[in-house]
Every structure is written in C-alpha cells, then in structure tokens.
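Subject: Structure handover

Hello,

Here is the structure I promised to pass on. Please open it beside this message, and then read the notes below.

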Amino acid sequence: KYKKVLGRAFTTPTNWIRAEDEDDARKKCDENDECVGFHLYPIINRYYLFKHGTELVAEPGLTEDFQAWTKRMLTCEAADQQEEDEEDEEDEDEGAEEEEEEDGGEGKAEEEL
C-alpha cells in the first residue's frame, strides 16, 4: 500500500500531523484520505504525515538520511475499464466468428450454382 523512498523528504512550510512511530504513521495516513504519505525525520526520530499536493524532493546535504513512504493510489476505475475492454474484445471476436460462418454459408451456395 506504500512505496518506500530513500533520500527524499516531503517539503512544506509547516508539519501537518505528527506520529510516534511507523505503525502509528501508517494507521493515521490510512485513515485520512487527504494523506499522500509520511516521512521519518531522522534527527528527532519522528514521523510526519503530509497532504496531497506536497512535493517529495531530494535535497543534497539535507535529505540523504530521510525515509519516506508514499501512499499507492489504487482506483477501481482502471480495473472496470480493463474489464470493459476485455468484454469488447470478446464481443468483437464473436462477431468475427459469426461473419465467417455467414461467409462460409454463402460461399457454399455459390459453389452449388
């Protein structure tokens, strides 16, 4: 559900939500739809959650020791679209088979004449 990113940190002028440990940060981020992810601030050993729209950056000399986790956004829309595409392909395949059968029948009738 989360992608771990090393050497990057979320940037924002103020911290949004603080968590005591990784499990607490995951739980809080899971429960909040506005949360895009969280990072560990290594100097103070604290986790901070961040809202959507917050940029994840690598800053030489500052973020090398940071660990960040970004929420993987899963949508049902893509799965639904894929199912529809598969159904359309099946319908097209069935239609092609029916056309072949029709052509085959006409071809036989022409041969008999």
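Which residues make up the largest nonpolar core? They are Tyr-2, Ala-19, Ala-25, Cys-29, Cys-35, Phe-38, Leu-40, Tyr-47, Leu-49 and Trp-69, 10 residues in all. A nonpolar core here is a set of buried Ala, Val, Leu, Ile, Met, Phe, Trp, Tyr and Cys residues joined through side-chain atoms within 4.5 Å. Buried means under 20% relative accessible area, exposed over 50%, and partly exposed in between, with a 1.4 Å probe and protein chains only. Elements α1, β4 and β5 each supply at least two residues of this core. Strand β4 gives the most, with three. A second, separate core has six residues, including Phe-10, Tyr-48, Phe-50 and Ala-68.

Some ground rules. This is a predicted model: local features need pLDDT of at least 70, side-chain atom pairs count only at pLDDT 80 or more, and totals for chains, interfaces and linings use all residues. Residues are numbered from 1 along each chain as its sequence is written, and side-chain values use heavy atoms, with hydrogens and water left out.

Now the overall layout. The chain has two helices and seven strands. Both are DSSP runs numbered from the N terminus: helices are H or I with at least four residues, strands are E with at least two. From the N terminus on, the order is β-β-β-α-β-β-β-β-α. Of the 113 residues in the chain, 23% are buried. The accessible surface comes to about 8600 Å², and 42% of it belongs to carbon and sulfur atoms. Those areas come from the Shrake-Rupley method with a 1.4 Å probe; for residues, only the protein chains shown count as cover.

Next, the sheet. Five strands form an open sheet in the order β1-β7-β4-β5-β3, with antiparallel pairing. Two strands pair if DSSP finds at least two bridges between them. The edge strands are β1 (2-6) and β3, and each pairs on one side only. From one strand to the next, the twist averages 25 degrees. Six bridges join β4 to β5, and three join β3 (residues 17-19) to β5. Tyr-48 in β5 is the bridge partner of Arg-18 and also of His-39. Leu-40 has Tyr-47 as its bridge partner in β5.

Helix α1 (residues 22-31) lies across β1, β3, β4, β5 and β7, and runs at about 165 degrees to β4. Axes are lines fitted to C-alpha atoms, for helices over the stretch in contact, and angles run from 0 to 180 degrees between N-to-C directions.

- Thr-70 is in strand β7 (residues 67-71). It is buried, with a relative accessible area of 17%. Beyond four places in sequence, Thr-70 touches Lys-1, Tyr-2, Lys-3, Phe-10, Val-36, Gly-37 and Leu-56. Contact means heavy atoms within 4.5 Å.
- Trp-69 belongs to the largest core. Leaving aside neighbours within four places in sequence, its contacts include Tyr-2, Phe-10, Glu-22, Arg-26, Phe-38 and Tyr-47.
- Asn-45 sits in the loop between β4 (35-41) and β5 (46-51). Four residues lie between the strands of this hairpin, and Asn-45 takes a positive phi near 55 degrees. Most residues other than glycine have a negative phi.

Best wishes
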